[in-house]
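Dear colleague,

I am handing over the structure we spoke of, and below it I set out what was found. Please read the notes with the model open beside you.

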Amino acid sequence: MKTTTEANQASYEAASKGSRNRTTRTTPLSVANLAAPDLTHRPPRSPRSQLGGYALLPRMLDKGRATLAGTNGEYHFNCPLDQRFLSFLGIDPKKLLAELKTGKGDGEILEWIQTNAKHKRAPWEIQQWSDYMDRRGPDSDAETLEFFAAYVAKFTKTREDIKSWADLLELDDFVSFGGKA
């Protein structure tokens, strides 16, 4: 009696026999277009997603790639949240966008950022900054607190767990694409 793994392997080999190394694609894939998310159909990655230990970075890269592809929808590259990341490392947003335009993947962009950062950060600094950005709520001035409360109220009157900007962005992304608060 064959194990499930052996049966799956035999099934795969039978299905792919004679078709190896053949392609039926008639149009070439553009690496830059393939990597660019369509933010009119789905949100960018969560502000809590990390790359190289940096919170916000994957989200900013999604927005940058989508901006270059013209699929950013209502999302903006180099928004105030992106500027916090760029300022933390001393990265020029125009230079980062130019690197994204080359079609580099996340790992290659991370290497570029680490090489080109004006402010080299130790791993403990990166972790503390990312932890802070995950938990960062509105500043305590009345105008910012009012703005935050009004923004939350657009989605829900009953959710008391929305305390940080990351909470609010995740809620906004979820509701904007059909979810219920």
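Helix 3 (residues 57–69) and helix 6 (residues 106–116) pack with their axes 12 Å apart and at an angle of about 110°, where axes are lines fitted to C-alpha atoms over the stretch in contact and angles run from 0 to 180 degrees between N-to-C directions. Helix 3 is therefore roughly perpendicular to helix 6, a term that covers 65 to 115 degrees. Leu57, Leu61 and Arg65 of helix 3 meet Asp106, Ile109, Leu110 and Ile113 of helix 6 in this contact (heavy atoms within 4.5 Å).

This is a predicted model, in which local features need pLDDT of at least 70 and side-chain atom pairs count only at pLDDT 80 or more, while totals for chains, interfaces and linings use all residues. Residues are numbered from 1 along each chain as its sequence is written, and side-chain values use heavy atoms, with hydrogens and water left out.

The largest pocket (an open set of points on a 1 Å grid, with protein on both sides within 12 Å along at least five of seven lines) has a volume of about 640 Å³. Its lining comprises 22 residues (an atom within 4 Å of a point), and Arg59, Lys63, Cys79, Tyr151 and Leu169 lie nearest its centre. Helix 9 gives the most to this lining, with six residues.

The search of the whole structure finds one cavity of 30 Å³ or more (points where a 1.4 Å probe fits but cannot get out). The largest cavity, with a volume of about 40 Å³, is lined by Pro47, Leu56, Leu81, Met133, Arg136, Trp165 and Ala166.

With best wishes

Note on methods:
Grid points are joined across faces, edges and corners, and a volume is the space filled by probe spheres set on the points. Helices (H or I, at least four residues) and strands (E, at least two) are DSSP runs, numbered from the N terminus. Angles under 35 degrees count as roughly parallel, over 145 as roughly antiparallel, 65 to 115 as roughly perpendicular and the rest as oblique.
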